[in-house]
Structures are given as C-alpha cells and as structure tokens.
Amino acid sequence: MLIYLIFAVVIVLYTTLCWFYSDKVFFLIPIFIPFYFLRINFFGVDISPVELALIIFLITFFFRFKDFYNKKIQEIMQNKLPEYFWAILFLLAGGFLSVAFSDNFLSSLHAFFAWFIEPILIFMVGIKILSSTKNKEVFLRLLFLSYTLILTTSLIYLALNIKDNGRLSSFYNSPNFLVMVLEIFLPIIVALIFFRRNTFWQGLLFFLIIVASVVVFISTQSFGGALAIVAAGFWMLFFVSLNLKKRPATFYFTAIFIGLCLVLFFITVLNSGKIDRLLVGSSQSSINSRLPIWKASFDILKNNWVLGIGPNSFLSEFHLMQKKLGLNLDFLVVPQPHNIYLAFWLEGGILGFMGFLWIVKNVFNNLIHKLKLENQGGLRWLAIGLGGSLIAILAHGFFDTPYFKMDLAYYFWMIILLIKIL
C-alpha cells in the first residue's frame with residue numbers, strides 16, 4: 001500500500017510542477033521518452049509512467065496556454081490554416097476510422113493515442129515553446145544528452161557481452177529497435193561535425209560520439225540500418241559536393257568515413273554467418289523471413305484497403321491470414337508488417353496512408369525551402385542532418401517500421417518540429 005501512496009504523491013507533485021512550469025517540463029521529454037517501455041502495476045493495471053507523465057503534461061500545458069490555442073482555433077475557423085493542417089487531419093481521420101471499425105477496439109484506441117495523438121500534440125506544443133533561439137538551443141542539448149545516455153548504456157551492454165542471438169539490442173526488445181534510434185541521430189551528429197564550425201574540443205567530442213555510434217551500429221548487424229545509413233550518406237555527400245571547391249578534404253573524408261563504416265559492417269555480418277544464410281536462401285535470413293510476412297500483409301490489405309485494421313491489430317490479423325494461406329508461421333511474433341508504408345495503410349486506412357505521404361511531402365518542401373535560404377547560417381548543418389534522418393527513416397521503412405513505437409513516433413515528429421522552427 002505504501003508504494004501506491006508514494007506513487008500518488010509523486011503524481012500530485014509532478015502535476016503541480018507541470019501546472020506552474022509546463023514550458024520547462026517540455027525540455028525533460030527527450031530524457032525520459034526512451035524509457036516509455038517501463039511499466040508499473042497500479043491496482044492491477046499496467047501503467048507506463050512515461051506515457052502518464054506525457055498525458056499530464058499535455059493537459060496542464062493546454063489549460064495554461066489555452067488563450068494561445070484558442071486564437072489558433074479561431075484562425076482555423078477563419079480559414080487561416082496552419083502548415084501541415086490537412087495532412088495531419090487526413091492522418092488522424094484515417095486512424096480514427098480505422099480504430100472505430102477495428103476488431104481490437106481498446107488496444108487500437110490506446111495505440112492510436114500513443115502513436116498519433118500524443119506525438120502530434122507534443123509537436124504542437126513544441127511550436128509554441130521553441131519559438132525562441134535560447135529554447136531551441138536548450139532543447140537540442142537535452143536531445144543530445146538523451147542520445148548520449150542511450151549510447152552509453154548500449155556500450156555498457158556491449159562491454160558486458162549482453163546480446164540477443166549475437167546482436168546488440170541494449171535495453172530495447174530487438175536490435176532493430178536500437179538501430180532505428182541510431183539512424184535518426186547519426187546523420188544529425190555527422191552534419192554537426194562536418195557542416196558546423198566547432199572548437200577543437202567540441203569537434204573531438206562529436207567525433208568520439210560518432211565512433212561510439214558506429215561501433216554500436218555495427219554490433220546490431222542490421223541490413224535495414226545499413227541501407228538507411230547509405231541513403232543518408234548520399235544525402236550528406238550531395239551537400240558536401242556543393243562546396244567541393246571550397247572544402248575538398250571534407251568531401252573525401254566524408255566519403256571514406258561512410259565507406260569504412262560499411263566495410264566494417266559487412267565484415268562483422270560476414271563473420272556472423274548472416275550473409276551465408278541469405279545466399280543459400282535460408283528461411284532465417286532477414287529478407288526470406290520477411291517475404292511471407294509481406295505476402296500475408298498484402299492479402300490483409302486487399303480485404304481492408306479502405307479502413308485498415310486499426311493500430312496494434314496486425315499480429316492477430318497476421319496469424320489469421322497466414323493460416324488461410326497455409327504458411328505455418330504460428331511461431332512468429334510479428335507486431336508490424338516490416339514495412340512502414342504497409343503499416344500506415346493497414347493501421348490508418350487509405351486516409352491515414354495518404355496523410356503520411358502528404359506529411360512527408362510537406363516536410364521535404366519545407367526542408368528544401370529552408371536549405372535554399374541564404375540567411376540560414378549556423379543552423380544549415382541542422383537542416384542537412386534532419387534531412388538525413390528523415391531519409392534514413394524512409395529508406396529503412398522498406399524493410400521495417402521505424403515509427404510504430406512511442407519513442408520512434410516522438411522522434412519522427414521531433415524531426416518535423418525542428419525543420420519547421422528552423
């Protein structure tokens with residue numbers, strides 16, 4: 001009973017803190033979002049403290065700044081639509097309809113809030129809070145601190161040789177989840193060191209972070225992650241090549257660095273036998289294990305292409321479909337279809353899928369516009385890095401679903417937020 005009392009006191013104190021300092025609490029989100037998976041049992045109900053903290057923060061924030069958002073609503077009523085309005089509306093409308101007709105209503109409803117509503121609300125809050133240069137700098141520092149904590153923890157797991165079937169997964173459920181986080185931050189840090197003027201000690205620190213990131217990345221042995229890094233690498237090289245005459249050494253060093261990372265990755269994977277399994281057509285190889293999942297996913301989509309099946313409903317639908325197809329895959333636990341585009345269509349219907357593509361289009365239009373501005377100055381490196389992160393997500397998305405987890409959904413909208421406020 002004492003633990004419940006302590007928990008209640010903590011909630012009251014946190015709510016009070018959010019009420020009076022909600023704009024300050026926002027900066028703590030990058031620190032605790034990686035630990036969304038932690039659960040506590042409260043009167044027989046499993047609760048995520050991180051998700052509960054986010055909900056309390058959002059409620060108190062919108063109450064505290066209700067005048068600001070009332071003004072925004074009035075502007076919308078007057079047809080002064082903010083950027084991304086229609087794209088987000090399509091995404092949410094599709095997700096809501098998919099939930100309403102889902103066979104797993106409560107599970108889908110919770111996932112809809114965790115993967116769509118809450119990250120989008122955080123995005124809206126960030127537009128208000130990160131309007132000043134000082135707040136942007138504070139947020140970026142805490143974001144990097146969060147990544148450093150993830151990286152340090154992963155290195156400790158690696159040093160202790162705590163692995164998942166020979167692959168590093170750190171405190172995540174799968175090595176693929178770890179690499180999805182790495183590929184979001186790596187392009188930003190590479191851009192930080194190659195496109196921003198740093199002091200010697202800053203440059204050394206960022207270089208050590210990159211080296212540590214590469215070591216952790218290689219230890220995940222993820223082919224999807226390698227594809228994502230290659231795609232982001234070409235994006236980086238393009239912008240380095242624009243200044244080839246001014247900084248030729250940077251271009252060649254960047255190309256050599258990316259090439260060495262990939263060579264080390266494939267040497268590690270070759271020693272693990274992963275390439276051998278792929279070449280001989282083993283069912284345990286990454287591609288061959290995904291083929292029946294994609295086949296079942298397309299068959300599910302044929303029957304649900306308008307409304308989808310609802311968020312967090314894929315596993316049950318997959319097991320039903322694979323039995324109909326005679327695939328004998330009862331042993332597989334497949335929460336997502338290993339493809340971000342299929343996942344958005346299945347879990348948000350045709351409207352949700354269109355909304356996702358529309359959001360991506362608007363983000364790239366916004367990003368290219370920002371990169372063309374001559375007064376971008378010191379923040380140009382951030383725009384280049386964020387573009388690399390988004391490309392990494394979309395490239396890896398052909399082989400996995402780097403969105404449908406609370407932290408990944410948050411990072412996706414964080415990228416959109418940072419591009420918007422540049």
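Student: Before we start, what should I know about the numbering and the pLDDT limits?

Tutor: Residues are numbered from 1 along each chain as its sequence is written, and side-chain values use heavy atoms, with hydrogens and water left out. Since this is a predicted model, local features need pLDDT of at least 70 and side-chain atom pairs count only at pLDDT 80 or more, while totals for chains, interfaces and linings use all residues.

Student: Fine. How many helices and strands are there in the protein chain?

Tutor: Helices (H or I, at least four residues) and strands (E, at least two) are DSSP runs, numbered from the N terminus. The protein chain has 17 helices and two strands.

Student: And what percentage of the residues is buried?

Tutor: Buried means under 20% relative accessible area, exposed over 50%, and partly exposed in between (1.4 Å probe, protein chains only). Of the 422 residues here, 51% are buried. As for contacts (heavy atoms within 4.5 Å), look at those with a separation of 6 or more: 75% of them join residues 24 or more positions apart.

Student: Which residues touch the most other members of the largest nonpolar core?

Tutor: General idea: in soluble globular proteins, nonpolar side chains tend to be buried together. A nonpolar core is a set of buried Ala, Val, Leu, Ile, Met, Phe, Trp, Tyr and Cys residues joined through side-chain atoms within 4.5 Å. The largest one here has 112 residues, and Phe-26, Phe-57, Phe-139, Phe-344, Tyr-403, Tyr-411 and Trp-413 touch the most other members. Helix H8 (residues 175-194) gives the most to this core, 15 residues. There is also a second, separate core of twelve residues, with Ile-293, Trp-294, Ala-296 and Met-321 among them.

Student: Let me click on Tyr-411. Which residues is Tyr-411 in contact with?

Tutor: Skip its neighbours within four places in sequence, and you'll find Ile-33, Pro-34, Ser-146, Ile-150, Val-181, Ile-184 and Phe-185.

Student: What is the nearest side chain of opposite charge to Glu-183?

Tutor: General idea again: side chains of opposite charge can pair when their charged atoms come close. For the count, Lys and Arg are positive and Asp and Glu negative; His and the chain ends are left out. A salt bridge is a side-chain nitrogen of Lys or Arg within 4 Å of a carboxyl oxygen of Asp or Glu. Glu-183, in helix H8, is buried yet has no salt bridge, and the nearest opposite charge is Arg-167, 10 Å away. Not counting residues up to four places away in sequence, Glu-183 touches Gly-225, Ala-228, Ile-229, Ser-389, Ala-392, Ile-393, His-396 and Pro-402.

Student: What about the surface: which residues make the nonpolar patch?

Tutor: Patch residues have over 30% relative accessible area and no salt bridge; like charges are joined within 9 Å, nonpolar side chains (Val, Leu, Ile, Met, Phe, Trp, Tyr) within 5 Å. Areas come from the Shrake-Rupley method with a 1.4 Å probe, and for residues only the protein chains shown count as cover. Leu-155, Phe-200, Trp-201, Leu-204, Phe-207, Leu-208, Val-211 and Val-215 make a patch of about 760 Å². Helix H9 (residues 200-220) supplies the largest share, seven residues. Val-211, for one, lies in helix H9 and is partly exposed at 36%.

Student: Last one: where is Asn-165 found?

Tutor: In the loop between helix H7 (133-159) and H8. Asn-165 has a positive phi, near 55 degrees, though not a glycine, and is exposed at 76%. His-338 also has a positive phi, about 60 degrees, but is buried at 19%.
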